[in-house]
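Please examine the sequence and the model shown below. The paragraphs after them are meant to be read with the structure in view.

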Amino acid sequence: MASTHTGRGKSPTFTGRLCTEVERMIKRRVKGLEYLGSPGPAVGTTPRTLLHRRGTLSLYRYQATCSDVYRVPLLLVMATTNKAYIFDLAERQSLIAYLLGRGYDIYVMDWNAPTRVEQQLRIEDYVLDFIPDCIGRVQADAGVEEVTLLGYCMGGVLSTLYAALHADGPLKNLVCFTTPVDWSQMSWSRGIANQRYFEVDRLVDRVGIIPAGMIMNAIDLQRPAGRIAGQLRLWDNLWNDAYVRNHRMMMRWGRDSLPLAGEYYRQIIKELMWKNSLLEGGLCIAGQAVDLAKVRVPLLHIIAEHDTLVPPACAQPLVAAAGSADKQEIILPGGHVSLVAGPAAKKRMWPALDEWLGQRSM
Amino acid sequence: MGMFDPFQIWRETLTLIEGEINSLASRKMETAEFAQAANQFNKVSLGMQHVLERSLASVLRRLELPSRTEVDALACAVQRIEDKLDQLTPAPVKPSHALRPTRTRRPPPNVAKAATKPVKRTRKPVTPPAAQEE
């Protein structure tokens with residue numbers, strides 16, 4: 001009977017393999033009922049304090065777990081379409097818990113769904129108001145001048161814009177995860193957001209706030225078989241508690257996607273996607289021209305090799321364009337989300353980040 | 001030679017089919033025809049949504065009930081008042097720095113030789129986005 005308890009592919013005989021499958025089938029029935037009747041696992045459980053909230057913006061401080069931390073605090077900027085608990089999914093799947101354990105002082109800029117009065121928010125509001133406001137609050141709270149910014153996806157774009165427009169400080173380092181720079185490399189620019197057919201003005205003028213579902217559907221379109229294949233894999237793995245737990249956390253995070261302020265969305269489509277102005281030049285934020293060469297702080301860009309949302313070709317020009325003397329690009333196996341929160345992230349990305357950041361946070 | 005395992009074959013086939021469908025869809029999505037069709041669909045669905053919202057608003061008005069937009073606007077107003085109150089409320093006394101951790105940490109000396117070996121590549125050609133975990 002021992003063979004029936006071995007992992008997949010370990011059973012020595014066809015009979016043993018069959019026994020394993022029968023056992024799994026029974027477990028699927030039992031656990032399938034549990035799945036339907038139980039709430040999803042808790043996410044984002046690392047202790048934190050809300051330092052500031054203003055409309056769509058929330059700033060949190062995480063409770064340090066080391067008695068001695070690095071001098072420079074770390075401010076994480078989440079992508080504007082999603083909640084920041086992807087950094088803190090579960091106990092052994094939390095980038096934040098890992099970094100706290102490695103001695104970092106961590107603050108997170110998280111987003112709430114923008115309200116009707118915030119539909120006029122523009123990139124300027126994020127780059128010249130929200131980020132500087134939070135940096136000021138982090139400086140006051142931590143009692144230090146310098147801050148490291150870490151942006152994920154669109155949070156990386158906003159952080160990069162801030163760094164380019166504030167070359168005189170107080171930034172110490174800039175870390176980006178899967179940050180799109182060459183928007184012409186995104187399949188959206190040729191497909192659903194094709195300039196010839198996509199009437200972004202009509203859409204924004206009509207809805208004001210871009211619904212989260214619309215953005216998620218556009219993302220799903222890139223992998224139309226992903227959802228049904230995911231359901232089949234869930235059924236196949238219902239016997240496996242760890243798989244089910246992880247699946248539920250990820251699905252919940254996907255469902256918790258956020259709508260976007262219409263004006264901000266209009267700017268992203270017209271300026272970043274159609275004009276590709278972040279890379280090719282011409283992007284102005286509140287009258288100030290953005291030049292990536294003005295990013296001079298130490299820069300680390302971590303890219304996911306199998307990212308379909310922000311393909312490596314879309315992300316790679318950042319390091320080349322930045323004016324930093326100390327800059328590094330790391331390409332790791334993984335997808336857009338699994339790079340940060342997948343089971344392999346703790347072995348690949350997190351130690352690489354710690355290795356780079358530790359030496360620059362003193 | 002590996003043992004014949006129909007279950008494993010089924011799993012591999014699923015991954016293969018998923019990858020094929022996704023890569024086919026990616027190619028189709030980049031065509032002008034798809035862009036045109038998708039935007040036509042969006043235009044029609046937006047128009048229908050608009051008509052539906054107006055009709056519902058008219059019904060709710062007759063029933064003297066607030067529409068979702070009005071409830072949202074009310075929620076926004078309450079949120080704005082809460083935000084203003086937060087700004088007016090004096091900030092809590094900053095906790096003593098004695099209770100906070102010290103800021104003298106340095107990376108362990110062997111950090112540079114850490115066991116992590118990230119794949120560091122630059123200017124790598126784009127991998128076709130087939131069957132990749134997102």
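The account begins with the model as a whole and then turns to chain A, its sheet, and several individual residues.

This is a predicted model, in which local features need pLDDT of at least 70, side-chain atom pairs count only at pLDDT 80 or more, and totals for chains, interfaces and linings use all residues. Residues are numbered from 1 along each chain as its sequence is written, while chains are lettered from A and ligands numbered from 1 in the order in which they are written. The model scores ipTM 0.73 and pTM 0.83. Chain B has an average pLDDT of 75, and 72% of its residues score at least 70; pLDDT is the predictor's confidence in each residue, from 0 to 100. In two stretches of chain B, pLDDT stays under 50: residues 114-119, with 12 contacts beyond four places in sequence, and residues 121-134, with 36 such contacts. Two residues are in contact if their C-beta atoms, placed from the backbone, lie within 7 Å.

Chain B contains 3 helices and 0 strands, and its pattern along the sequence is α-α-α. Helices (H or I, at least four residues) and strands (E, at least two) are DSSP runs, numbered from the N terminus. Of the 134 residues in chain B, 8% are buried. A residue is buried if 20 or more other C-beta atoms lie within 10 Å of its own, exposed if 12 or fewer, and partly exposed in between, with C-beta atoms placed from the backbone. Where the chains meet, chain A supplies 62 residues and chain B 53 residues. The chain A side of this contact divides into 28 nonpolar, 18 polar and 16 charged residues. Here Ala, Val, Leu, Ile, Met, Phe, Trp, Tyr, Cys and Pro count as nonpolar, Asp, Glu, Lys and Arg as charged, and the others, Gly among them, as polar.

In chain A, 8 strands form an open sheet of mixed pairing, in the order S1-S2-S4-S3-S5-S6-S11-S12. Its edge strands are S1 (48-54) and S12 of chain A, each of which pairs on one side only. From one strand to the next, the twist averages 20 degrees. Two strands pair if DSSP finds at least two bridges between them. Strand S4 (residues 106-111) of chain A has 6 of its 6 residues buried. A:Ile106, A:Val108 and A:Asp110 point one way from S4(A), whereas A:Tyr107, A:Met109 and A:Trp111 point the other way. S4(A) pairs in the antiparallel sense with strand S2 (residues 57-62) of chain A over 5 bridges, with A:Tyr60 standing opposite A:Val108. S3(A) and S4(A) run parallel and are joined by 4 bridges; the bridge partner of A:Leu76 in S4(A) is A:Val108. Strand S3 (residues 74-77) of chain A is also joined to S5(A) by 4 bridges, again running parallel, and A:Leu75 stands opposite A:Leu149 in S5(A).

Helix H15(A) packs on this sheet, touching S5, S6, S11 and S12 of chain A, and its direction makes about 170 degrees with that of S11(A). Axes are lines fitted to C-alpha atoms, for helices over the stretch in contact, and angles run from 0 to 180 degrees between N-to-C directions. Because 8 of the 10 residues of H15 (residues 349-358) of chain A are buried, this helix is largely enclosed by the rest of the structure. Its buried residues include A:Asp354, A:Glu355 and A:Trp356.

The largest nonpolar core has 113 residues, and those touching the most other members are A:Leu75, A:Leu76, A:Ile106, A:Met109, A:Ile302 and A:Val340. Helix H3 (residues 123-142) of chain A gives the most to this core, with 9 residues. A nonpolar core is a set of buried Ala, Val, Leu, Ile, Met, Phe, Trp, Tyr and Cys residues joined through C-beta atoms within 7 Å.

Some individual residues complete the picture. A:Ser361, in the segment after H15 of chain A, is buried, with 25 other C-beta atoms within 10 Å. A:Ser361 and A:Thr148 are 213 residues apart in sequence and 7.8 Å apart in space, C-alpha to C-alpha. The peptide bond from A:Gly169 to A:Pro170 is cis, with omega near 10 degrees. A:Thr178 has a positive phi, near 40 degrees, and is buried; B:Glu64 has a positive phi near 60 degrees but counts as exposed, with 6 C-beta neighbours inside 10 Å.
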